[in-house]
Each structure stands twice: as C-alpha cells, then as structure tokens.
Amino acid sequence: MPLLQGYEYPIEDLQPLHDLLKCWKLGFLYQTLLDELIDMQVLTVMKSVHVYELLKKFPLGIKIKFSHYLENWQNVQNGSSNNKLDTILPKNTKSFVQEEPVVDININLGDILTSSTTGSMIIDYYKINNKLNDNIRSLLVETVISYIITTKKQMSVNLADYIGNQIIAMFPSEVKDTYFMKHETNKNPKGKLYAKFYNSMRALKTSGLIIPSNAHVKVPVKSINRKHFEP
C-alpha cells in the first residue's frame, strides 16, 4: 500500500474488504485494491470505468465478474436491489462476511505502536528505510503481543489474521506469512504472532504470574502438549 503524506488508509476496512472479495471468489485481488487505496467507501461509489482502470492487467473475465458483484453489492448497500442477497453472498450472512466470530476490531495497530516508545521508533525507522529487519520484526511482534496480553484480549485465528493484515498495510514491504500463516491441514497456525503469544503465555503461567483460568485464550487440544511454538 502506498504511503501518501496527509492520507491515512482506514485500517478498520482491511478485514471487511478481504472478506468481501473472498465471498466473490476474487480474494487474489485484495492486494491490488490496497495498492490503489481502495477502501469500503470507495467501493460504494466505484463505476465501471474505474473497475477497468483498476484491473487493466487482468483478463476480461475477471473484470466482468468484479463489475457484476460490485454492482449487486452496491445495490444492496443502497437498499435498491431486487435480487436476493444470496446471489452475491453465502446464506446466513450480511454484506460483510467472516467465516469465524468477529474479532475485536477495537485493536488498531497504529494506536498500539504510537502509544509505546518502541512502536514509535519502529514507525520512524520504516519511514526512513522503507523496510524492517529481523530484530525490528521481533520488537514489532513483542509490542503487539504485550498489548494483547496486558489488555486481556482473546487470541484467535481471526485476530492473528486481522493483525497480520494491518501489519502489511502499515508496512507494505513486509510479507504476511512472516506474521501469520494458516495451514488447512494443521489446526495450529504458523507465524511470529501466534508463536510469541503462546510462548509468552506459557512463560507467564510457568512463573506463576498468571493462572490458566485467566489466560483468555482458546488453546487447540494438540497445542497443549507442545513444548514450544515455532514462528
């Protein structure tokens, strides 16, 4: 996502945008929309001419599908559609769909970082260098996980995925898989976020600083017997 002075992309739109494209089976367009600063508000006013400009590098079939789903979605938002909602979205869903329970959208990466000395230094470093190194990535994850544990947020796959999206939006040169990666055949996600959270919780429990009943985390059965999470 490009950084423009004086403009801040609405972070709260990252997950709804991702979920909407996924419902349209066009999830591979997510990064393209982010690169062009397309947010949910922009989608509501986007016209066909904009779609063709946005997707000029994609085959005609993709342009047609996106235009069709977008038009139907816009009609639903405006309350003027005669089509059933399930023509563009799965049953039992609303316009913004999430496969798992809604995460705590009050978590804002920008606020977390700017409220801490380390986080502010990370932001300043990126503005100068346009990239992060391994040590700074570890500090970034440590800052985020410290906030989650301190505020007693509930860690979940959705939350880790949501934070991962915020990280790559705020630091475009980063790769999401570094921070969160879910394997379909493995209930335990990979990445620095999950690894740091569970290792930190384990250390706190072992030291007696917290007890398991106050952990505020859903731990898969398989993970209970694991000694250490790898990023």
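In the predicted model, Leu 14, Gln 15 and His 18 of H1 meet Asp 161, Tyr 162, Asn 165, Gln 166 and Ala 169 of H9. Contact here means heavy atoms within 4.5 Å. The residues of this contact divide into three nonpolar, four polar and one charged. In this count, Ala, Val, Leu, Ile, Met, Phe, Trp, Tyr, Cys and Pro are nonpolar, Asp, Glu, Lys and Arg are charged, and the others, Gly among them, are polar. H1 and H9 (residues 157-170) pack at an angle of about 105 degrees, and their axes are 9 Å apart. Axes are lines fitted to C-alpha atoms, for helices over the stretch in contact, with angles from 0 to 180 degrees between N-to-C directions. H1 is therefore roughly perpendicular to H9; that term covers 65 to 115 degrees, while under 35 is roughly parallel, over 145 roughly antiparallel and the rest oblique.

The model is predicted, so local features need pLDDT of at least 70 and side-chain atom pairs count only at pLDDT 80 or more, whereas totals for chains, interfaces and linings use all residues. Residues are numbered from 1 along each chain as its sequence is written, and side-chain values use heavy atoms, with hydrogens and water left out.

The secondary structure comes to 12 helices and zero strands. Helices (H or I, at least four residues) and strands (E, at least two) are DSSP runs, numbered from the N terminus. Of the 231 residues of the chain, 42% count as buried. Buried means under 20% relative accessible area, exposed over 50%, and partly exposed in between (1.4 Å probe, protein chains only). Among contacts between residues at least 6 apart in sequence, 62% join residues at least 24 apart.

The largest nonpolar core has 28 residues. Such a core is a set of buried Ala, Val, Leu, Ile, Met, Phe, Trp, Tyr and Cys residues joined through side-chain atoms within 4.5 Å. Leu 132, Leu 140, Ile 148, Met 155, Ile 163 and Phe 171 touch the most other members. Two or more residues come from each of H6 (109-114), H7 (117-129), H8 (134-150), H9 and H11 (192-207). H8 gives the largest share, six residues. Phe 171 touches Leu 109, Leu 113, Ile 122, Tyr 126, Leu 132 and Leu 140, not counting residues up to four places away in sequence. A second, separate core of 26 residues includes Ile 11, Tyr 30, Met 40 and Leu 43.

The structure also holds six aromatic pairs. Rings of Phe, Tyr and Trp (its six-membered ring) pair if their centres lie within 6.5 Å; planes under 30 degrees apart are stacked, over 60 edge-to-face and the rest tilted. The ring centres of Trp 24 and Tyr 69 are 5.9 Å apart and the planes are at 15 degrees, so this pair is stacked. Trp 24 lies in the loop between H1 (14-23) and H2 (30-35), and Tyr 69 lies in H5 (residues 60-78), 45 residues apart. Trp 24 is buried at 2% relative accessible area, whereas Tyr 69 is partly exposed at 22%. Ring pairs link Trp 24, Phe 66 and Tyr 69 into a cluster.

Phe 28 and Phe 58 form a tilted pair, 6.3 Å centre to centre with 40 degrees between the planes. Phe 28 is in the loop between H1 and H2 and Phe 58 in the loop between H4 (48-54) and H5, so the pair ties together parts 30 residues apart in sequence. Phe 28 is partly exposed at 48%, and Phe 58 is partly exposed at 23%.
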